[in-house]
Amino acid sequence: MVAGWLVLALLDGDLPGVDRERLTCSATENTDLFWACRGGGGGNFGVVTSLTFAAVPVGQATTFSLRWPWSEAAAVIDAWQRWAPQAPDALTATCHLFAGGKDGAEPTVRVGGGFIGAQAELTPLVAELQELGVGPPTQHSDSTGAYGEIARSWVDCDAVLAHCKRVGTDPQGQVKRGTYRARSDYAATLLPAAGIAALIKALEGRVASPYSGGVLLDPYGGFLASVPVEATAFVHRQQLFSLQYLASRDPALTPAQQTAGDPWLTDFYATMRPYVSGQNYQNYVDDDLDDWQDAYYRANTARLLAIKALVDPTGFFTFPQAIGA
């Protein structure tokens with residue numbers, strides 16, 4: 001689906017610097033603000049109160065998951081990075097690598113994703129991954145169905161909805177969420193053998209932890225890369241893939257106990273410096289970034305600053321990493 005319009009409003013009430021204006025933003029109305037909110041939103045310009053989408057008809061969809069033993073991790077990473085970003089627009093596949101939280105069990109490596117189409121159409125595309133030098137997976141599962149069903153299963157919506165239905169008879173019912181700290185990177189080129197080895201070593205260093213940690217490699221390319229970098233505020237379109245580093249936490253612990261695992265995440269991030277582009281994903285707000293505006297927005301920073309000065313001259317919408325802060 002493609003965003004066609006958004007309605008942006010400033011907060012109601014007697015607030016200094018807030019004119020409470022309600023704006024419709026689109027390709028023909030308030031175009032600068034429409035541009036800025038697609039990649040530079042996140043509380044910088046106002047409050048989005050509604051979105052209008054142009055829906056695209058979709059038939060069947062397939063979700064799939066492939067697992068390998070950890071001994072295959074280097075081969076999987078190398079094959080994945082040469083396969084997923086170049087895959088057809090109908091296919092997306094994330095590489096998941098996790099360790100820790102399992103009493104010393106070896107780390108895990110998995111490739112999972114979704115495909116707009118039937119399983120029979122997906123099979124030859126998955127076969128291409130193995131042709132790039134990785135052995136057959138030890139576990140392989142897939143499921144084909146209507147797009148809505150597959151989308152719900154992909155993000156575990158069915159489990160959440162089932163829990164919500166029980167809340168009526170369980171006043172204390174809560175939908176639990178994962179708690180973790182996250183950082184991000186982008187790779188503009190293929191990870192060399194040394195970069196892959198560094199990534200694997202970092203994961204193996206998490207094995208003894210009682211809490212899991214890992215990295216998700218999300219492919220770019222495809223339709224995302226076909227949109228010009230300057231067309232929206234989202235500047236990372238020409239990157240090959242993103243890296244999402246995660247360190248889980250237990251919300252029942254004290255703040256000091258929760259942050260005890262942060263050095264591992266910091267060291268992992270530092271280890272990957274020679275192999276990444278220096279761009280970062282703005283929706284993983286990272287307090288440790290020094291030059292965060294450049295990392296998040298690069299060539300689009302100047303235009304975002306100009307729009308911010310125009311629509312929010314008093315800086316009412318602010319936070320530590322707000323545009324113009």
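1. Of the 325 residues in the protein, 42% are buried, where buried means under 20% relative accessible area, exposed over 50% and partly exposed in between, with a 1.4 Å probe and protein chains only. This is a predicted model, in which local features need pLDDT of at least 70 and side-chain atom pairs count only at pLDDT 80 or more, while totals for chains, interfaces and linings use all residues. Residues are numbered from 1 along each chain as its sequence is written, and side-chain values use heavy atoms, with hydrogens and water left out.

2. The secondary structure comes to eleven helices and ten strands. Helices (H or I, at least four residues) and strands (E, at least two) are DSSP runs, numbered from the N terminus. Contact here means heavy atoms within 4.5 Å. Among contacts between residues at least 6 apart in sequence, 74% join residues at least 24 apart.

3. Helix α6 (residues 193–204) and helix α9 (residues 262–271) have axes that come within 10 Å and cross at roughly 170°. Axes are lines fitted to C-alpha atoms, for helices over the stretch in contact, and angles run from 0 to 180 degrees between N-to-C directions. The two helices α6 and α9 are therefore roughly antiparallel to each other. For such angles, under 35 degrees counts as roughly parallel, over 145 as roughly antiparallel, 65 to 115 as roughly perpendicular and the rest as oblique. On the α6 side the contact is made by A198, L199, A202 and L203, and on the α9 side by W264, F268 and T271. By class, this contact of α6 with α9 has six nonpolar residues, one polar and no charged. In this scheme Ala, Val, Leu, Ile, Met, Phe, Trp, Tyr, Cys and Pro count as nonpolar, Asp, Glu, Lys and Arg as charged, and the others, Gly among them, as polar.

4. The crossing of α2 past α3 is right-handed; a crossing is left-handed if the near helix is turned anticlockwise from the far one by less than a right angle, and right-handed if clockwise. From α2, residues A79, W80 and W83 meet L125, V126, E128 and L129 of α3. The residues of this contact of α2 with α3 divide into six nonpolar, no polar and one charged.

5. Helix α1 and helix α11 (residues 301–311) pack at an angle of about 120°, their axes 10 Å apart. That makes α1 oblique to α11. In this pair α1 passes α11 in a left-handed crossing. The residues that meet are D32, L33, W35, A36 and G40 in α1 and R303, L304, I307 and V311 in α11. The contact of α1 with α11 divides into six nonpolar, one polar and two charged residues.

6. C25 lies in strand β2 and, at 0% relative accessibility, counts as buried.

7. Strand β8 (residues 180–187) contains D185, and S184 is found in strand β8 as well. D185 counts as buried at 0% relative accessibility, and S184 is buried with a relative accessible area of 3%. The side chain of D185 makes a polar contact with the side chain of Y245 at 2.7 Å. A polar contact is a pair of N or O atoms within 3.5 Å; within protein, one must be able to donate a hydrogen and the other to accept it, and residues adjacent in sequence count only if both atoms are side-chain atoms. For S184, a polar side-chain atom lies 2.9 Å from the backbone nitrogen of Y281.

8. Leaving aside neighbours within four places in sequence, D185 is in contact with S242, L243, Y245, Y269, M272, R273, V276, Q279 and N280. With residues up to four places away not counted, S184 touches L243, Y245, Y269, N280, Y281 and Y284.

9. N30, in the loop between β2 (22–26) and α1 (31–40), has phi near 45°, a positive value in a residue other than glycine. N30 is partly exposed, with a relative accessible area of 37%. D103 has a positive phi of about 55° although it is not a glycine. D103 is placed in the loop between β5 (91–99) and β6 (108–115) and, at 84% relative accessibility, counts as exposed.
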